[in-house]
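Trainee: May we go through the charged side chains and then the sheet of this model?

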Amino acid sequence: MLISHQHKFIFLKTQKTAGTSLEIALSGFLSKQDVITPLSRKWPWPSEDEATRRELDLPGPSNCLAPIHTYRPSDAWNLITKGKLKKSFYNHMPAQEVKRKVTDQVWNEYIKISIERNPFDRAISTYYWRTRKQKARPCINEYVQTCNPEHLTNWNIYSINDNLITDIMLRYEELANDLVALTKTLNLKTLIQLPPKRTKGQFRQDKRPWQDVLDDSSIKRIRSICHREISNFGY
């Protein structure tokens with residue numbers, strides 16, 4: 001996620017929606033005074049996504065770490081044993097948590113931006129990402145019917161108390177046009193452009209339309225879990 005004080009926006013990053021690519025692109029408009037969260041849980045250790053951001057000479061993580069005095073024993077243990085730093089702001093942070101961390105002025109005045117994708121298509125992408133390290137991965141319909149419901153929806157990232165809080169919702173399917181409009185809305189001097197190197201997209205193997213991949217039971221489960229996205233965004 002990102003918070004830009006100069007351009008007064010908060011970017012709430014969703015999963016499997018080109019969020020990492022968009023976060024890298026938006027990083028180019030931020031400074032050291034802004035909040036930029038790590039692109040990977042491995043941070044501060046090397047990651048491919050952070051390498052992409054560095055190759056483009058864009059700013060990396062800043063103002064996202066929690067002060068030492070807020071560390072609990074479990075946080076200290078994670079730091080000592082895993083080199084894991086406690087964060088005040090982190091990747092895919094839900095809106096409700098972001099609201100608690102910022103001032104009322106920032107929350108009320110800044111433009112809140114997120115991005116969504118057809119939940120049926122996103123489920124396929126999620127399957128390939130979350131099973132990428134499994135030697136004997138389940139079939140996609142078995143995965144969709146048994147996985148954690150939270151892996152199929154982004155709703156809690158851009159809603160609070162079941163209400164949408166975004167001012168601008170970008171669409172994965174219309175991203176090129178939406179980025180032109182967003183550039184104008186934020187009054188940026190240059191067009192927001194995604195990095196030439198696609199992040200995480202190489203894991204999806206089946207490029208067929210979702211209607212040809214998902215069976216009726218999978219479609220039914222996704223429709224049930226993602227009924228709010230389907231209703232609000234017309235999927």
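**Charges and strands**

Mentor: Arg117 is buried, with a relative accessible area of 5%; buried means under 20%, exposed over 50%, and partly exposed in between, with a 1.4 Å probe and protein chains only. This is a predicted model, in which local features need pLDDT of at least 70 and side-chain atom pairs need 80 or more, while totals for chains, interfaces and linings use all residues. Residues are numbered from 1 along each chain as its sequence is written, and side-chain values use heavy atoms, without hydrogens and water.

Trainee: Which residue forms a salt bridge with Arg117?

Mentor: Asp121 does, with the closest N and O atoms 3.0 Å apart. A salt bridge here is a side-chain nitrogen of Lys or Arg within 4 Å of a carboxyl oxygen of Asp or Glu. Asp121 is also buried, at 16% relative accessibility.

Trainee: How many salt bridges are there in the whole structure?

Mentor: The search finds 9. One of them joins the side chains of Glu50 and Arg53, at 2.8 Å from N to O. These two residues are 3 apart in helix 2 (residues 48–55), so about one helical turn separates them; helices (H or I, at least four residues) and strands (E, at least two) are DSSP runs numbered from the N terminus.

Trainee: And is Glu50 buried or exposed?

Mentor: Glu50 is buried, at 5% relative accessibility, and Arg53 is buried at 0%.

Trainee: What about Arg208 and Asp206?

Mentor: Their side chains meet in a salt bridge of 2.7 Å, N to O. Arg208 is partly exposed at 42%, whereas Asp206 is buried at 16%.

Trainee: Which residues are linked in a network of salt bridges?

Mentor: Glu116, Arg122 and Glu229.

Trainee: Turning to the sheet, in what order do its strands lie?

Mentor: The 5 strands form an open sheet in the order 3-1-2-4-7, with mixed pairing. Its edge strands are strand 3 (35–36) and strand 7 (168–171), each of which pairs on one side only. Two strands pair if DSSP finds at least two bridges between them.

Trainee: In which sense do strand 1 and strand 3 pair?

Mentor: Strand 1 (residues 2–4) and strand 3 run antiparallel to each other, over 2 bridges. Ile3 stands opposite Val35, which lies in strand 3.

Trainee: One more point: where is Lys82 placed?

Mentor: Lys82 belongs to helix 3 (residues 73–82). Lys82 is exposed, with a relative accessible area of 58%.
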